[in-house]
Amino acid sequence: MNKVEQELEYMEKVKEYHQGKDVKYAIFTMGCQLNENDSEKIEGMLVGMGYTKTEDSKQADIIVYNTCCVRENAEERLFGKLGEIKKQKEEKGTVIAIGGCMMQEKHITEKIKKSYPFVDILFGTHTLYKLPEDIYHILENRKKIEDIAYIDGEVIEGIPIVRGDHIKASVTIMNGCNNFCSYCIVPYVRGRERSRSPRDILEEIESLAKQGYKEVTLLGQNVNSYLRVEREKNIPFEEYRGVNSFATLLREVNKIEGIERIRFVSPHPKDFTQDVIEAIRDCEKVSKIIHLPLQAGSTSVLKAMNRKYTKEQYLELVDKIKREIPHVVFSTDIIVGFPGETQRNFEDTLDVVKKVGYEQVFMFIYSRRVGTPGDKMENQIPEEIKHERFNQLKALVEGQMEEQNKTYIGTVQKVLIEGTSKNNENMLTGRTDSNKVVILEGDKNLIGKMVNLNIISEHMWYLKGEYRG
Ligand code: SAH
Ligand code: SF4
Ligand code: F3S
């Protein structure tokens with residue numbers, strides 16, 4: 001029996017334990033898209049155990065927190081929520097389980113055990129699949145469980161999944177990161193890079209297409225180094241339909257009937273090889289917005305960050321991609337206030353932003369992470385300077401966005417209609433290939449369809465469109 005089959009047995013046992021009682025779960029997902037995809041698997045297991053979902057955590061028999069630790073505010077959010085839940089735990093006996101990246105940090109699990117002793121289960125990123133077993137043991141003998149492995153996780157296949165959406169789906173293709181950027185905690189909490197087999201990925205996407213999904217996002221902390229470690233270290237893997245790299249994977253996914261749009265996050269500039277650029281160019285379903293995390297514009301800051309490229313190399317890569325792929329646009333991640341960043345260094349960041357003209361910039365204030373080299377650097381930047389730089393960058397980006405939004409007016413955009421607008425039930429909402437939100441008036445039977453829209457106006461965070469067929 002493999003590991004997941006064993007867990008499926010535990011799922012049955014939990015179901016039997018509840019004897020058909022109406023038991024409910026609530027889940028809080030606090031991290032990135034990979035973390036969200038893990039939550040879909042957690043939900044798959046909970047549903048398999050007979051729990052049904054509630055949005056009201058007060059009604060829940062089990063509450064699961066899927067945590068993130070990439071920045072400090074993610075931690076504060078968890079502790080805030082745990083403070084609120086104590087009373088419910090005492091009154092109702094709700095099972096409390098905390099999983100995800102934060103649980104791979106020893107100083108955090110120690111703090112939880114000391115300050116929030118009512119938490120029942122702590123599980124890590126490598127032991128997610130064992131949740132049924134952990135829940136069963138808690139229900140049977142009420143003994144606290146800490147199920148965290150400080151190993152490089154294996155690739156676990158076959159965990160049941162309940163997806164949050166019926167049109168767009170995320171598919172994790174690789175896990176872990178080997179890059180060790182000096183500010184980042186991810187390699188410590190997610191372990192080393194390992195890729196899923198091409199067969200498992202393609203079969204999953206084919207099954208999604210059969211279920212009617214139209215868009216897939218391929219996920220990985222370092223998505224474009226898919227199968228790189230396996231190739232370089234001669235770790236055997238089964239080549240399937242000629243897939244042995246990220247570029248060949250894109251080409252095969254592009255052939256899957258029913259899938260109309262393919263996205264991927266997050267690539268690293270150093271792995272943006274010629275074959276990847278050509279695959280994006282040739283595959284009509286692959287979105288032509290490329291997320292190319294910059295982090296900082298200054299070569300010396302990039303060196304201190306261990307990013308493995310210079311300002312010039314980054315800009316050359318952007319130019320090369322622009323030359324090869326017509327109408328390509330970019331999005332990026334930027335950190336301000338990394339240790340030692342001077343005003344002049346920061347101006348290099350502004351300079352790159354001006355030169356590239358991103359569609360979307362995810363901006364972050366540097367946050368010290370215990371255990372990373374950045375945390376030990378002595379030249380930390382004062383908070384007020386970090387905030388000043390952040391605001392300066394934000395003003396530049398918002399100005400650029402406004403200009404860019406204007407260029408959409410009068411154009412025809414292919415938009416995948418995702419549902420009704422959150423703010424107005426009578427409006428539909430969707431996204432362009434470049435990931436811009438578009439709202440429009442239209443019939444609900446357009447939901448799930450890729451349609452052509454005339455863009456008629458722009459409003460900072462969204463565009464307005466008109467259906468043309
Ligand atoms: N693997 C991806 C995403 C990593 S986390 C990548 O390399 O792009 C997402 C973003 O969070 C990073 O790109 C970075 O901009 C930001 N980030 C990571 N660690 C951070 C820290 N300590 N402080 C502030 N932002 C951070
Ligand atoms: Fe973190 Fe860098 Fe790895 Fe991205 S590439 S997850 S920023 S260490
Ligand atoms: Fe956070 Fe873990 Fe994702 S630290 S950003 S949830 S990989």
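Mentor: Let's begin with a term: a cavity is a set of grid points where a 1.4 Å probe fits but cannot get out. Keep in mind that this is a predicted model.

Trainee: How should I think about finding such spaces, and how many cavities of 30 Å³ or more does the search of the whole structure find?

Mentor: The general idea is that rolling a probe the size of a water molecule over the atoms shows where empty space is left. In this case the search turns up 2 cavities of 30 Å³ or more. The second largest cavity has a volume of about 30 Å³, and the largest has about 40 Å³.

Trainee: Which residues line the second largest cavity?

Mentor: Its lining is made of V4, E7, L8, M11, M45, Y129, I159 and P160. Helix α1, residues 3-18, gives the most to that lining, with 4 residues. By class, the lining has 7 nonpolar residues, no polar ones and 1 charged.

Trainee: What lines the largest cavity, and how do the residues of that lining divide?

Mentor: You will find D38, N66, G99, G100, F123, G124, T125, L128 and R190 around the largest cavity. They divide into 2 nonpolar, 5 polar and 2 charged.

Trainee: R190 is in that list. Which residues are around ligand 3?

Mentor: R190 is one of them, and the others are G31, C32, N35, C68, C69, V70, C101 and Q221. This shell counts 5 nonpolar, 3 polar and 1 charged residue.

Trainee: Let's turn to the sheet. In what order do the strands run, and is the pairing parallel or antiparallel?

Mentor: Read across the open sheet and you meet its 6 strands in the order β2-β1-β3-β4-β5-β6, with parallel pairing. β2 (51-53) and β6 (145-147) stand at the edges with a single partner strand each, so one side of each has no neighbour in the sheet. On average, neighbouring strands are turned by 20° against each other, direction ignored.

Trainee: Where could I look at one pair in detail, say β1 and β3?

Mentor: Strand β1 (residues 23-29) pairs with strand β3 (residues 62-67) in the parallel sense over 5 bridges. Within this pair, I27 stands opposite V64 in β3.

Key
Residues numbered from 1 in each chain as written. Chains lettered and ligands numbered in written order. Predicted model: local features only at pLDDT ≥ 70, side-chain atom pairs only at ≥ 80, totals over all residues. Heavy atoms only, no water. 1 Å grid on protein atoms, 1.4 Å probe; cavity = no way out; pocket = protein on both sides within 12 Å on 5 of 7 lines; lining within 4 Å. Points joined across faces, edges and corners; volume = space filled by probe spheres on them. Nonpolar A, V, L, I, M, F, W, Y, C, P; charged D, E, K, R; others polar. Helix = DSSP H or I, 4+ residues; strand = E, 2+ residues; numbered from the N terminus. Near = heavy atom within 4 Å. Pairing = 2+ DSSP bridges. Axes fitted to C-alpha atoms, helices over the stretch in contact; angles between N-to-C directions.
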